[in-house]
Amino acid sequence: MNINEYKEIEIDKVLSQFGVDKNVGLSQSEVEKRLKKYGYNQLPEYKESLASRIFRRFWGPIPWMIEIAGVLSFLVHHYSDFFIIIIMLFVNAILDFYQEHKALNAIEALKSKLAKKSLVLRDGKWQEIPAKELVAGDIIKIKIGDIVPADLKLIDGDFGLFDQSSLTGESLPKNKKKGDIAYSNSILKQGEMIGIVVATGLNSYFGKTFKLVAKANQNHKSHFQKMVINVGNFLILLSILLVMVIILVGIHRGENIYELLEFSLVLAVSAIPVALPAVLTVVMAVGAVNLAKKQAIVSKLSAIEELAGMDILCSDKTGTLTQNKMSIGEVFLVDGYKEKDLFYYAVLASKKENNDPIEKPIFEIAQKNSIENNLKLKKFIPFDPVRKRVEAIYEMDNDDFMVVKGAPQVVLSLSFDNFNKSKIENKIEEFANKGFRTIGVGYKKASEDKYHFVGLIPLYDPPRVDSKDTILEANQNGVEVKMVTGDNIAVAKYISKVLGIGENIYSIRELKNETHDEYLVLTEIISKSLLKSLNLSEEEIKNKVVKIVNEVKSEIGNKLHKGMVKRHESEIVRIIEEANGFAEVYPEDKYFIVDELQKANHIVAMTGDGVNDAPALKKADIGIAVSGATDAARASADIVLMAKGLKVITDAIKEARTTFERMKSYTIFRIAETIRIIIFMTLSIVVFNFYPITALMIIILALLNDIPILAIAYDNTKIDKKPVKWDMKEMIVLSSWLGIAGVFSSFLIFYLLKVGDISFLPDIPKWVNFNDENSYIAFIQAVFFAKMVVAGHGTIYNTRISDWFFKKPYPSLTLFLATFLTRVIGTIIAVYGFGFMTPIGWDWAIFIWIYAMIWFVFNDFVKKVVIKYYKKRYNEEII
């Protein structure tokens, strides 16, 4: 049964349903039976074994290919290659394992939030027990300050003021009386109540939040992870295809199987993006460090990439867009009274020690204006939901003095009519339409029959100072902000309007088609049409239509269940996309909204601070816990804001888009280089029966290419004014053309060295025997090595911006020095050999640098042509 359905059932029936006497409680034997049947009042462990979590890191297409490459290197006795590959494999596995470990902390934080102890009636005696031992049917007592340990049906007590803001997002505490439901993990602020436990553990309202977090944690995979898998799969399929071609050709030629295996190793090492995850992780880590300097702590690195592509920001209201602190608006005064009078009487009708969130701003203003209560209190009658007012009696010399504070309509009804009552009623309605909580204040002498109405105090949770500017800046960066709150629709509309979000706010019940409003409109139309045929007057028709509609309205809730007529998912998505926000939402609703937006291919961020936000924070592509968030919200979030306000989010968007551009340019570079190497090598072997470089050269190239390229994490990039996303088609198109251009450049120099006239080239070094085929081939391989190491890093300058390489933003000094120095190191290795290869000498080294620079400019021309064509054909930017 749904927790809220217990509210509609009489107390005696609930007690009977659970088989308990409210004066005796459950017996210990019955408790033990129920514990065995339903389990403890705690959140269960959802733990995958350590061995399974570790094993998953080594299972999948990319790990398989890396592992195969390692095995092949071991079989052909290339042990240095083997150790390098294994180190790369374990680095990736450790980083991934660490990220998952941090995600699992969300579950642990939620578990720790459950109340620890509880006062329970068993066998006719009140006793304190661990909260985890509570069972459905237990009778428990809760006092001021207690955390409710399970979902309760309140069965005794005058009233209770419950703070459930961290569960539902409502900014004000809720008054509850006998028969109402108190949610687990809410806090009792005032009163003392007795209740019967109706749900524990996972079945409780709080437990549903836990299940949603667990579900989100299991199903979520970032766009970054998907991109790495897609790039890996593309390169793996390409390399497998080419390896099969080489093996078939080699077998046909009768080549040695070990030589074929050796080349398979070379091709695998060059094709598999072994360092891709590690390099991109370092780029994101640098972005995370920059965000930390701006008071945004990144707990999940892939969130940076997600933030760059975010197009919708779903923001919780209470504590996120607003201050989560009641403030007083512009007061309304009856003629003849001053603001100081209003707050003086309000202070007399308040008690500071109660720490009532509604009274706190009253005392703050009183202190600011030196308003003091020097009267002697005789009697204080606290607020309760039935009387809806606070009254206090003070001793005076001649006659006792009384003050009243409470619901304005109630105070108004208890007051003299010596003022414009309709004006006050209109003001009350105006405040209500803005979502304000309004207090009426009055006073009288004990001998008087009625109160003197003084005025109205409107209270509301004001927006944070920087919220409006943050929302505007987010919109300018292509991010739409939607407000999602547990507060009522009037409050939501007012705050949304003030912040410039928009006024198209829906109740979540409207979204789920639970309001039945369309049936009432249809009833009005049909009844009006039918009544017109009875020759009745307009007034009679109007009165009868109202009566019929009200009768249908009272019956429709019993006949039609909530959500009986469901909207099609496409309609739900359309409404969510068009809406500026939603009110009256619960945790499962926030999760639902995020899920529907993700199904429509939006990248969604969710901000929040309470336990109620945890499921949506975990489900969202980017979960952002604001300053002062609960442990559960922080553990579920990908980014935790340490400074108050949302300004840091817009800074984070810019930093994320900068980081994304770095990752994208590197990825295009990596694919282009892979295509350039494996296609050239495959064609060289199949067509010319020639191995252009050795396995050792491949390993040195990999080190020189990937390790210094980490400096791209510090490169200068453009900042897009709209969300950016991974597009495999874009990246493959550009990288393929750049790769093919690289293949042509390699074959041209191959032709000049192997086939053509070399009279225009530098002289062959004296230590190379032109007539000795092995000596000359070794020299050619060394030249190719020099060409690949010099030309390779040039490609990164082709991919970093969409304009000509000499246009702004210029490369950072860090990137330039890293790529330049590795070119120099590679050149020196080729010039002197050092036992790794045949030395080529400085003449050939200078020639290779000139040759590489000419092709670098040509590659930039190719890039510009491809980008121009792509933009003209598809109206999209590649870089």
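Two strands count as paired when DSSP finds at least two bridges between them. Keep that in mind for the opening stop, and remember throughout that you are looking at a predicted model.

**Stop 1**

Select F162 and K174: F162 stands opposite K174, which belongs to strand 6. Now widen the selection to strand 5 (residues 160-163) and strand 6; three bridges join them, and the two run antiparallel.

**Stop 2**

A bit of background before you click on: most residues other than glycine have a negative phi, and most peptide bonds are trans.

Go to D123, in the loop between strand 1 (117-122) and strand 2 (125-130). Its phi is near 55 degrees, a positive value in a residue other than glycine. Is D123 buried, exposed or partly exposed? With a relative accessible area of 45%, D123 is partly exposed.

Then jump to N601, which you'll find in the loop between helix 23 (587-599) and strand 22 (604-608). N601 isn't a glycine either, yet has a positive phi of about 65 degrees. At 63% relative accessibility, N601 counts as exposed.

**Stop 1: a helix pair**

Next, colour helix 26 (residues 647-688) and helix 29 (residues 773-792). They pack at an angle of about 160 degrees, and their axes are 12 Å apart. Angles over 145 degrees count as roughly antiparallel, and helix 26 and helix 29 are therefore roughly antiparallel to each other. Their crossing is right-handed.

To see who meets whom, show side chains for F669, E673, R676, I677 and F680 on the helix 26 side, and for F784, K787, M788, A791 and G792 on the helix 29 side. The residues of this contact divide into six nonpolar, three charged and one polar.

**Stop 4**

Select T717 in the loop between helix 27 (695-706) and helix 28 (728-755). Is T717 buried or exposed? The answer is buried, at 16% relative accessibility. Leaving aside neighbours within four places in sequence, the contacts of T717 are T658, E661, R662 and P809.

Look at the peptide bond joining K808 and P809: it is cis, with omega about 0 degrees.

**Stop 2: N859**

Finish in helix 32 (residues 841-874), where N859 sits. N859 counts as buried, at 11% relative accessibility. Which residues does N859 touch, not counting those up to four places away in sequence? Show L738, A741 and N798. Then draw a distance from the C-alpha atom of N859 to that of G794: the two are 65 residues apart along the chain, and these atoms are separated by 9.2 Å.

Key
Residues numbered from 1 in each chain as written. Predicted model: local features only at pLDDT ≥ 70, side-chain atom pairs only at ≥ 80, totals over all residues. Heavy atoms only, no water. Axes fitted to C-alpha atoms, helices over the stretch in contact; angles between N-to-C directions. Helix = DSSP H or I, 4+ residues; strand = E, 2+ residues; numbered from the N terminus. Parallel < 35°, antiparallel > 145°, perpendicular 65-115°, else oblique. Left-handed = near helix turned anticlockwise from the far one by under 90°. Contact = heavy atoms within 4.5 Å. Nonpolar A, V, L, I, M, F, W, Y, C, P; charged D, E, K, R; others polar. Buried < 20%, exposed > 50% of the residue type's maximum accessible area, 1.4 Å probe, protein only.
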